[in-house]
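Have the sequence and the 3D view side by side. We will go through the structure step by step.

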Protein chains: 2
Amino acid sequence: MTAIARSDDVRRQNRRLVLSVLRRSEKLSRTEITARTGLSPSTVSAITSDLLSDGILRELRDGDATATRRGRPQVALGLNPDAAAVIAVVLSLNALSAALIDYAGDVIVSEQSRLDTLAMSGDEIAASVRAMVGTLVDEATYRDMRVPRIAVAFQGITDAGARTLLWSPITREIDIPLGDALEGAFGIPVTVENDCNMIAVALKAKDPGHYGENFIAVLLSHGLGMGMMVRGELFTGTKSSGGEFGHMNHVPDGALCRCGRRGCIEAYAGNYAIWRAARNLGDDTPPAADIADADMAALAAAARAADGPERRAFHAAGRAIGFGLGSLFAILDPAPVAIVGQGALAFDLIEGPLLEALAKTAGGQHHPIPSFHTDPDEMPLIRAGCAMRALTFVDREIFARGAVSPVAGSGRAVA
Amino acid sequence: MTAIARSDDVRRQNRRLVLSVLRRSEKLSRTEITARTGLSPSTVSAITSDLLSDGILRELRDGDATATRRGRPQVALGLNPDAAAVIAVVLSLNALSAALIDYAGDVIVSEQSRLDTLAMSGDEIAASVRAMVGTLVDEATYRDMRVPRIAVAFQGITDAGARTLLWSPITREIDIPLGDALEGAFGIPVTVENDCNMIAVALKAKDPGHYGENFIAVLLSHGLGMGMMVRGELFTGTKSSGGEFGHMNHVPDGALCRCGRRGCIEAYAGNYAIWRAARNLGDDTPPAADIADADMAALAAAARAADGPERRAFHAAGRAIGFGLGSLFAILDPAPVAIVGQGALAFDLIEGPLLEALAKTAGGQHHPIPSFHTDPDEMPLIRAGCAMRALTFVDREIFARGAVSPVAGSGRAVA
DNA sequence: CTCTATTAATTCGAGGCTCGAAAAAAATAG
DNA sequence: CTATTTTTTTCGAGCCTCGAATTAATAGAG
């Protein structure tokens, strides 16, 4: 806010603006851009002409024949898929996937592999990621597309600079410098992001009507995750990716959590916690390594069928999440919530206690109870968010600056 | 972030920048401004010349005789105290105070009065504030100073627009439109702010070395309050002033809170909660209306003297605050903490259990334990923060725009 | 088939802004 | 009184946006 401003910052900001409306709409005439941005027609003309000659935009001479109106027909402009490509990597428990995505957001090629992350060292994990990314970089080189950005998403915590994997449940190792490893290998700027933050990015891009300026995405699976959008921006911690909702305290000195502490929300609402409670194993039982989706589904079925430990376990989970959201809402006010991940399949079981707990907290005091939507399939969201994150970076930090030749010869060329 | 930029926005931003370094330093030559802002000497010359002819700055031809160096001597510039004035109002339990403050930040006149806020209606409170502000507006008119901003601080919650008192412990009434009342009466823009947010503003202004980009101010008195600075900006809720730290949940279905809910942190750490626990009154005892500082001091003395219910009460308070901070830090990472208010006098009693609880939560997991500083006297901070808030608004929103004649004839003139 | 109305997009000059280089101003040192 | 040093201002080059005027490209009317 208190930064110096120069003359050409104005153009940069307005180029950003034009690119941002085009990223949302895919196909817009100069007149429509004028209307959406509020810029004057002359400015839009100047900016789009620059972007066209830079190869960042292209004219879409559509065969749609919308020419039913009188007057000079509009020329649709869109992001040029060949302007650049980004690589989006998703690292999860025992699985690695990555995709090469063109500038318009379409997947060109994708790669998947299974790997035993828990048994691997940090170096081995970094090497696996590097190998897969290498394949995609080669692919990009072969197609003569430059790759100005790589984004990696994983479950866990990164530093605030989004460069290092600080901690993740998918490995025993901490402080894996994934960003530096990839950047060193390919000379391409990298961000390492929390998966739930990427879910939030994807939700905002997908349904801006419902997920607007402020909302919360909660991932329910083996552990808990959260991504928050606050005032239109992804909310991250000051030193890390932040948003460790699952490790807010629910019950002081309560159930044993996977993190080694006690009483975390996750220790009541993670799959392992629900499983533990449903099997009457006691709060001190160390968390199971992983629980199959089918087993959780069976638990949910049992809970729906009859009152018993299973149902009580899901209720306790709902209660923990409800109190946690209440505490969160006390700090930053209620906002729509997306319940994402396999746990969303059992949302019918946890919703009641969740709302009941929420009503008992300050979050519900001055404002109406927020809406809850569910989406059990998190992976597409993480992939889409990760790609969007990388593309938005290119929009804002690279193509918003003039004097960049985007369609460079080398696939590895970096500004 | 995605706003349109025009040519003159550049000048506005750079005027802001110049005003912000001058507000921090009080006395700076053009050369020093050049160094601190990074602007070119020509630009600084142009901007300061505008600001001087607008009457916003003044030359301080000092008798300090710093002329021991060779070369043309520097001319010190400073904010012109007569450029404008603001009114800062602090409304607290049974007391109202307000001050007329010149543009350089010095108090011109201040007013105080005692009133029985709990017995008053919202209209009566608004009328009292209006009357006191009226006196100061008259004073400003008499001195031929225009008042472009009023800021009101109080303990409680406002709407996100900082216009309405939504709830406050100082009155039984809710939704008091203080902002509209004052704006209607005087035609001056008004913000209504949470007192702890103003404490945070004041701490940042007072000690930017320690309270930098990220820190938390916790007010311990009858109830609890919190103000947060996140990435250099005051963090407010999306719909309200937010930061209701005291009403994050500590123990599900726990002790009765002043807000009517159960288990809030405040229900363990507010004065009434400590009192209640120290007197073995039980968690369900309705909160006392108010407890004299002397009584709390006596309680603290007893707690220091011997192990017993008093000491346990303070320990429970520390524990509640510690778990609460831990949950907060799970979301946005650890940051320095200021413990402000009368409760800071007993910080020696609560610090141990606080740190112990904090160590049990995720907040302390990846980062070192943050620092804790105390300041028992909150009123000066609230006053200073409130004044600073109003002045900063004038800097940024009014004087950063050119073409404003600041030293208007009428004291009530508003842009 | 030509002409006119209509809508889209571009061009051009006016007016801002920052910056670097050069000039002017104001003091000390000798 | 002159040279030196440091601060501050002035001036032209180079961006940028915007409004008004101009050019481009179509559908419909006669």
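**Two chains, one axis**

The model is predicted: local features need pLDDT of at least 70, side-chain atom pairs count only at pLDDT 80 or more, and totals for chains, interfaces and linings use all residues. Residues are numbered from 1 along each chain as its sequence is written, chains are lettered from A and ligands numbered from 1 in the order in which they are written, and side-chain values use heavy atoms, with hydrogens and water left out.

Now look at the interface. Of the interface residues of chain B, 100% are also interface residues in chain A, so the copies meet through the same surface. Contact here means heavy atoms within 4.5 Å.

Turn to the DNA. How many residues surround DNA strand D? There are 30, and the closest are A:Thr43, B:Thr31, B:Ser45, B:Gln74 and B:Val75. A residue is near a strand if one of its heavy atoms lies within 4 Å of it. Of the atoms of DNA strand D within 4 Å of the protein, 74% belong to sugar or phosphate, and the rest to bases.

Next come the polar contacts, which are pairs of N or O atoms within 3.5 Å; within protein, one must be able to donate a hydrogen and the other to accept it, and residues adjacent in sequence count only if both atoms are side-chain atoms. B:Ser45 has a polar side-chain atom 2.6 Å from a phosphate oxygen of DNA strand D. B:Val75 uses its backbone: an N or O atom there lies 2.8 Å from a phosphate oxygen of DNA strand D. A:Ser7 reaches a base instead, with a polar side-chain atom 3.4 Å from a base oxygen of DNA strand D.

Helices (H or I, at least four residues) and strands (E, at least two) are DSSP runs, numbered from the N terminus. α1(A) gives the most to the surface near DNA strand D, with five residues. By class, that surface has eight nonpolar, twelve polar and ten charged residues. Ala, Val, Leu, Ile, Met, Phe, Trp, Tyr, Cys and Pro count as nonpolar, Asp, Glu, Lys and Arg as charged, and the others, Gly among them, as polar.

Now take DNA strand C. It is surrounded by 30 residues, and the closest are A:Thr31, A:Ser45, A:Gln74, B:Thr43 and B:Arg70. Sugar and phosphate make up 74% of the atoms of DNA strand C that come within 4 Å of the protein. A:Gln74 places a polar side-chain atom 2.6 Å from a phosphate oxygen of DNA strand C. Which helix gives the largest share of the surface near DNA strand C? That is α1(B), with five residues.

Follow α1(B) itself. Its 19 residues (7–25) should span 27 Å at 1.5 Å a residue, and its end C-alpha atoms are 29 Å apart, which agrees. The expected span is 1.5 Å times one less than the number of residues. Buried residues of α1(B) include B:Val10, B:Leu17 and B:Leu22. Buried means under 20% relative accessible area, exposed over 50%, and partly exposed in between (1.4 Å probe, protein chains only). After α1(B) comes B:Glu26, whose phi is positive, near 75 degrees.

Compare α4(A), residues 122–142. Its 21 residues should span 30 Å, and the end C-alpha atoms are 30 Å apart, which agrees. Among its buried residues are A:Ile125, A:Val129 and A:Val133. The cover over the buried residues of α4(A) includes β4 (85–92), β5 (95–102) and α5 (178–186) of chain A.

Finish in chain B. B:Ala151 sits in strand β7 (residues 149–154). Is B:Ala151 buried or exposed? At 0% relative accessibility, B:Ala151 counts as buried. Among the residues that B:Ala151 touches are B:Ile87, B:Val89 and B:Cys386.
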